[in-house]
Amino acid sequence: MAANSEGANFSCSQYGLFSAGLIDICNQLRQLGVSSEVKLPTLVTAGNQSSGKSSVVEAIAGIPLPRASGTCTRCPTEVRMRKKPPALSESDTGWLCRIKLKKEYDSQGVKLPEVPPEENFRKITRKEDITTGVAEAQAELLGSDGLEFTCNTVVLELEGEEVDLTIVDLPGIIQFHPKGQPYVDMIKAMVKKNIEQQHVIMVLTITAMDDLENQAIKLLSNTVDPEGHRTIGVITKPDNIPDGDHDKWVTLANNQNPRQTLSLGYYFVKNPGQAQLDEGITFDEARERELHFFAHDPIWSASNPSRLGTFKL
C-alpha cells in the first residue's frame, strides 16, 4: 500500500483507470453535498490511542500529520489521494492539497438531518505545510465550545499522487476521559460505524508494547469482521518488544496463530519516535532507518521479510 512504482503501475491498469473516473464522480457529488450510494474501497486505520495509527497513515500516504508530543487524533481525517495532477493555475509543483471540512454531526455526535456541502478551508502546495493546516482545520471543527473530540471530518484532497486511494484515520479508542464517559462512548461508536461498512478494508493498528488480546480494537474488529476477511493487521513499535516476548509476534508475522489468523495477514512497521520527530527526520530518512532495523535486528532479520516494513505494506 505504500506509495511506490508498483502503485504507479497499478494506477495505469484498466481497473486503476476505471476507479479514477469513479472517484472523480464521487468527489463531484461530495462537493454538491450529495451522499453517493457508490461505496468505493477505503482503508480505515483503527486502533487504541497511541497505537501509531497516524504514523501508519503518514507512511502510506507520504504526508506529515500532527504528531507532536501530547497530541492525539481528535477527529476523523480522510485522505483522498488522486493521481490526476492539479491545474497549473492552482499549483506549479504538480502537487496540491485541498483541506476541507465535512460537518455531518452536531456536538453530541448525532447526524444532522441535512448535511451541508463540504467546506473549503485551505489550499496547500507544499507537503511540509500540511501538519499546520490539518491542526488548524481540526481546531476549527472542535470550535470554541471546549470539545475534546468530534465526529466531523478533516478532508485532505491530494492531487498529483502516485495512486488513487482513500485512507481514513480515526481517533484512537480510549477507556477513560477526565470529562466523562460520553467521549469514550462517542469514539467507540465512531470507530465501529466506520469499520463495520463492508466496502472498508480495516487497517488494524496494534502496538507491540501490549498483548494483542488486551487491545480493545481487536475485540471490536472481531465483532464486525469475525472471519478476518477484510482486515489487515499492522503491528507498530516492534523495537519496544520486551526480551523474551518476540516468539509470539514472529508467529503473528507468519500468520500462524490459529486464534488470530487474518486473510490479509499482518505487517510490522517501525516509524519514528517522538525524539526523531523533534529532530526533523524526513520521510526518506525514516524509511531508511526502518529498513536498517529489520535488516540488522537479530530477531527480525531472520523473519519473513515480505511482512516487514512500510514498503511491503
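This is a predicted model: local features need pLDDT of at least 70, side-chain atom pairs count only at pLDDT 80 or more; totals for chains, interfaces and linings use all residues.
Me: Which residue does Lys103 meet in a salt bridge?

Reply: Side chains of opposite charge can pair when their charged atoms come close. A salt bridge here is a side-chain nitrogen of Lys or Arg within 4 Å of a carboxyl oxygen of Asp or Glu. The partner of Lys103 is Glu119, at 3.1 Å from N to O. Glu119 belongs to strand β4 (residues 119-124) and Lys103 to the loop between β3 (96-102) and β4, so this pair ties together parts that are 16 residues apart in sequence. Helices (H or I, at least four residues) and strands (E, at least two) are DSSP runs, numbered from the N terminus. Glu119, at 33% relative accessibility, is partly exposed.

Me: How many salt bridges are there by this rule?

Reply: The count comes to 19. One of them joins Glu90 and Arg98, at 2.5 Å from N to O. Glu90 is partly exposed at 25% relative accessibility, whereas Arg98 is buried at 17%. Another is formed by Lys192 and Glu196, whose closest N and O atoms are 3.1 Å apart. Here Lys192 is partly exposed at 35%, and Glu196 is partly exposed at 36%.

Me: Which residues are linked in a network of salt bridges?

Reply: Such a network links Glu78, Arg80, Lys100, Lys102, Glu118 and Glu157.

Me: Now for a helix: which residues of α7 are buried?

Reply: An α-helix has 3.6 residues a turn, so residues three or four places apart point the same way. In α7 (residues 246-253), the buried ones are His246, Trp249, Val250, Leu252 and Ala253. Looking down the axis of α7, they fall within an arc of 155°, so they line one face of the helix. That arc is taken over the directions from the helix axis to the C-beta atoms.

Me: What covers the buried residues of α7?

Reply: Their cover includes β7 (200-207), β8 (231-236) and β9 (266-269), with contact meaning heavy atoms within 4.5 Å.

Me: And which residue just after α7 takes a positive phi?

Reply: That is Asn255, with a phi of about 55°.

Terms used
Residues are numbered from 1 along each chain as its sequence is written. Side-chain values use heavy atoms; hydrogens and water are left out. Buried means under 20% relative accessible area, exposed over 50%, partly exposed in between (1.4 Å probe, protein chains only).
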